[in-house]
Amino acid sequence: MQTILGANGQIGSELALALKNEFTDEIRLVSRNPKRVNDTDELVRANLLDAVETQKAVEGSEIVYLTAGLPIDTTMWVEQFPIMMRNVISACAMHNAKLVYFDNTYMYPQTDELLTEEIRFEPYGKKGRVRGMIVQMLLDAMKEGRVQAMICRAPEFYGPGQTQSITNTTVLDKLRAGESAKVFISDKTLRTLIYTPDASKAMALLGNTSDAYGQTWHLPCDDNRLTYKQLIDIASDILGARRNYKVLKKWQLKLLSFVSKPVRETLELLPRYEVDNVFLSNKFKERFPDFKITSYKEGLAKTLLKSR
């Protein structure tokens, strides 16, 4: 049995498809209100803030994937993520299940440094600090031998379905609707984005590779990084019409933050949009040279034309 905790999100749903297509028919989807992705999926209702419910959800699992997210709300992240991680580690240790943790880069330095698996944690803001704290909880449990686990880390998402990210919500969704896109800080810095189906397929592969455990893996991205200007130019070609955009400067976003909670919650992420973001996934590519990575042009076409 392979179990996905937080199965209703975009990554969890695509992970269920990837596991079914390549690795197993025995898939358990766990959330507060789970929905079947494959016909054979087992559904389990559980709140990961409850230790007993988490233990019951994990029981009988060989591999557990933690893909659960929370709304972009600092207070909620600080209060709930540590409890969720503690409960999942304990449940996996109790039932001798391997743990695959889907992580982000919020704890990384928001500079133009090359981001590899070895880079230091240097979080900026409360959300970055709590993400760094919970991954350290897992690293400590791995070091102590309490749980066999791995960390799968991804940069900012883009992709089809209900993918949530700054790029999807303020740029791609706007372009698809024929509206002016909103670009944060600069249209000239390079962005590393990961196509969500690639992230899920790569995580399924890693989870079913025995010698991948005990490590941190950067999930694979197209190395032909784009600026937002280049991305919008490609999107305009795909959509067959020139699309406009506006660059929102830092001072404008700070003003908007006084009246918009979503903007206020993104303020701590703004430094990463001022500089090139170069997230490297060479380790994965060398270990799995046959893995097909979706190009930005192909991924943008699938994302922008999904409902046309």
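Leu 19 counts as buried because its relative accessibility is 0% (buried means under 20% relative accessible area, exposed over 50% and partly exposed in between, with a 1.4 Å probe and protein chains only). This is a predicted model, where local features need pLDDT of at least 70, side-chain atom pairs count only at pLDDT 80 or more, and totals for chains, interfaces and linings use all residues. Residues are numbered from 1 along each chain as its sequence is written, and side-chain values use heavy atoms, with hydrogens and water left out.

**Leu 19 and its surroundings**
- Leu 19 sits in helix 1, residues 10–22 (helices are DSSP runs of H or I with at least four residues, strands are runs of E with at least two, and both are numbered from the N terminus).
- Beyond its neighbours within four places in sequence, Leu 19 is in contact with Gln 2, Ile 4, Thr 24, Ile 27, Tyr 65, Ala 204 and Asn 208 (contact means heavy atoms within 4.5 Å).
- Ser 200 is 181 residues away from Leu 19 along the chain, yet their C-alpha atoms are separated by 8.9 Å.

- As background, most residues other than glycine have a negative phi.
- Asn 96, a residue other than glycine, has a positive phi near 55°, and you will find Asn 96 in the loop between helix 3 (74–95) and strand 5 (98–103).
- Asn 96 counts as exposed because its relative accessibility is 70%.
- Ile 185 also has a positive phi, near 70°, and lies in the loop between strand 9 (181–184) and strand 10 (190–191).
- Ile 185 counts as buried because its relative accessibility is 9%.
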